Amino acid sequence: MTPIRRQYLKIKHAYPDAIVLFRLGDFYETFDQDAQTASRELEITLTSRSMGKNLRVPMAGVPAHSLDSYLARLIKKGHQVAICEQLTDAAVSKGLVERDVVRVVTPGTVLESELLDQGANNYLASVVEDGDSAGLAYVDITTGQFAATQLDQSQLVPELERIAPAEILFPRSQAHPSWTGGSDNGSAIARRITDLDPSSFNLQDAGHALLDHYGIQTLESFGCQDLPLAVRAAGAIVNFLAATQKTGKPQLAALAVYSTNNYMALDGQARRNLELFQGGRSGDKQFSLLSCLDLTKTPMGGRLLRQWLGQPLLDLERLHRRLDAVGFFFQDGFKRAAVIQSLARIADLERIMARVNGGTAAPRELKALQQGLELVPSLADQLKDPIEGTGQSLDWPDKGAAGPVGWLARSLAPLPDVTALLDQALAAEPSGAVGEGNVIREGFSSELDELKQISRDARGVIAGLEQRERERTGIKGLKVGYNQVFGYYIEVSNANKSQVPTDYVRRQTLVNAERYIVPELKDHESKVLNAREQIEQLERSLYRRVCDQVSAASGGIADRAAAVARVDVFSALAEVAVRQDFVRPALDTNGAISIEGGRHPVVEGVLDPGTYVPNDVDLANDGPQVLVITGPNMAGKSTFIRQVAIIVLMAQVGSFVPASKATIGLVDCIFTRVGLQDDLATGQSTFMVEMVETAAILNRATPRSLVVLDEIGRGTSTYDGLSIARAVVEHLHNDPRLGCKTLFATHYHELTELAASLPGVRNFSVAVAEQEGDVVFLHRIVPGGADKSYGVHVAQLAGLPQGVVSRAWEVLAGLERGPAQRSADRQPPAAQQMSLFNPAQPLVDELKSLDIPNLTPLQAINLLYQLQEKANGGGD
Ligand code: ADP
Ligand code: MG
């Protein structure tokens, strides 16, 4: 076995789960099983290499300069990759070159921009369970965001769905975690799990890892001293980062310990049904609420808006602060425009900093960092009040930096040291790789400038030599050239060979020319080459020093980046609000929701301008609590109930809302359920899914929740569906734990009866105009239930052949004449409804009135007998 083989095996032994990319000169090689995997996944040739007597091992390699793209492919296929570098210079080291792994790349720890979506965070999460509780932590090492919480088991999946981590750390020995199979996208979660040795989650070690990482004395600094599960999850992340990011410890912001109770609960269903991040039938990003609101200009702002949409607030004070900031930009169009213009020129400060800290930032990125940081103070100027100092009065009581965005202006202070350093150190347009001499600005290092001067002079001499030798020898076609093997040479074509002077030394013979050298040429050549080598080394070390200095300021830069992100989101939300005519919502905690002229922002954007029909809504726990909305297909029921939920959500994000006036009593949770929607991903039956989800709502909602039900009960036969739908509404209305505000769209117009018996239920329908047998949907929500379902009209509108439509009218007329011809699929006409719901009522009333404690067993038996008689139809 060769020494190199021994070295490789030792390293591989330490990284059994990763594909080890082993640096050998200009290549990264893989061996053995890794080579087979790599050759398959990367479509590269599998060869073999002799590594000792009678030992050939499989080998597959990629050129070092294209590491990023190969790395990207391996990570996308779900592999972990350990990058093993040469730590000593092969040219100078005696014997075996030292090698070790400098970084383990996993889906949750990538820094390469090819693997990152700039509009979304790339999270590495960690989960640990104990009984009914769980600890959850997540980090984005490309932005430094780090958060941890301790929560109820039941909240774990919704929270993981919100975070959508690229990778989840989980202790290995625990049984397969229950939560990976529970949810509808549980299997997707399971695929992202990385098993870790359970000791990483050990409370003491985890706590120490956190304290060490931040160099602090007590976990009280983060307020997690009493949240052992949160500490264990967060500590496991720190341990994992230490093991994978060997060089360049990621710069993490202070651990944000949070409680899911401080945010509106939104599960995966709600996110999908309200199309927050993915919209339209194809589920693309284009028709989502995010895409509709996202006018942010920086990647930081885009990511922050996405975070906010996923995590609406419950805190009036924080919401008012956000709304004030949006209002500031809403009112002042000039400032908004100026700020937006500046923002458009600011690069991804967060991710550039992550690469600076990780030692992989390119010179152009560093330049972009400089330009971004230089714009920061000008942003701050825009946030200050212009009238400050002029003595004029202001709209708001506090002046200048104390205005609605003064807090932001204060966090946008300039960083003169960093910008000056970058300005002095970096060339105006750094080009090429570090070491080629085009990265560091002239004047930054006299040593470097001297070397460059030497190199320039020597090259000048060489260039001048061509002209001089042409004149001396009289050979017109004489050329000075350069190649890798022979260095500088003088080339003379065969025709002029005889004129070559005697001091020329022949070096190389080509087909039609000879190449020579002269001592003077070689003299200057060695100057050039020496200088080049020194320039390369010096530029590298200068660049590294600059990066280190910038790195040392990463805390301050991260603060500016976070403030830029906020300015971006506020100004973007203001811009949308102006463009789409949103208003500032009034927020309170009174539990009522009142919207005038509400619109669905995404649907409105798709329709012709001015054609969207606005609608009002009033909901209150002690007033109109359940709205039953009936109306024909395609009338606008689904759009209406979603629009209410979306307006509430937008208000609780701190955005203005698409309405002419809105008063929103904060909601702790939005539940949605849509019937007749196949969950193809998990292969569950539609109806089963529907019922499981409905059960979840009934179990989890509180009086402060908003429940949006769209056509539930539709996934089964008419009677079943109708009965379930009715029972669900009754329960939502009656159960004292619930009583939540509910919007219920249904094509079962029989449900309009509920309003008669339940005081909190109100009927609404979508107005329809009939013109000469054609229906026109007015999209206007009006009080009162729908009287018919217009199904055949819709079929006609949809373009069913005229013959089919006429026949449908005939059949419908027959059905409406009498029950004898009724088909099982048609909704029950009035007589049937009576028997469905009304006969039970007297029985129920009687049951309720029974004084059970005072009944003798015999009386009870008799009563039971009588009740059964009645139920069997034996008279009343
Ligand atoms: P339903 O749920 O009653 O079957 P939808 O809510 O799906 O109907 O709406 C059907 C279509 O009607 C929408 O795609 C949209 O184009 C249009 N629509 C809905 N509401 C409105 C409205 N308020 N103004 C204008 N068009 C609307
Ligand atoms: Mg609908």
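The points below take the ligand site and then the strand pairing.

1. This is a predicted model, in which local features need pLDDT of at least 70, side-chain atom pairs count only at pLDDT 80 or more, and totals for chains, interfaces and linings use all residues. Residues are numbered from 1 along each chain as its sequence is written, and side-chain values use heavy atoms, with hydrogens and water left out.

2. The shell around ligand 1 holds 13 residues, of which Val613, Met634, Lys637, Ser638 and Thr639 come nearest (near: a heavy atom within 4 Å). By class it has 6 nonpolar, 6 polar and 1 charged residues, with Gly counted as polar.

3. For Val613 the distance is 2.8 Å, to a nitrogen atom of ligand 1; Met634 lies 2.6 Å from an oxygen atom, and Gly636 3.0 Å from an oxygen atom. The protein covers 80% of the 560 Å² of accessible area that ligand 1 has on its own (Shrake-Rupley method, 1.4 Å probe).

4. Strand 7 (residues 124-130) is largely enclosed by the rest of the structure, because 6 of its 7 residues are buried (under 20% relative accessible area, 1.4 Å probe, protein chains only).

5. Strand 7 runs antiparallel to strand 8 (residues 133-140), joined by 7 bridges (pairing needs at least two DSSP bridges). Val128 has Gly135 as its bridge partner. The two strands form a hairpin with 2 residues between them, and Gly131 in the turn has a positive phi of about 60°.

Note on methods
Chains lettered and ligands numbered in written order. Polar contact = N/O pair within 3.5 Å; in protein donor to acceptor, adjacent residues only side chain to side chain. Buried < 20%, exposed > 50% of the residue type's maximum accessible area, 1.4 Å probe, protein only. Helix = DSSP H or I, 4+ residues; strand = E, 2+ residues; numbered from the N terminus.
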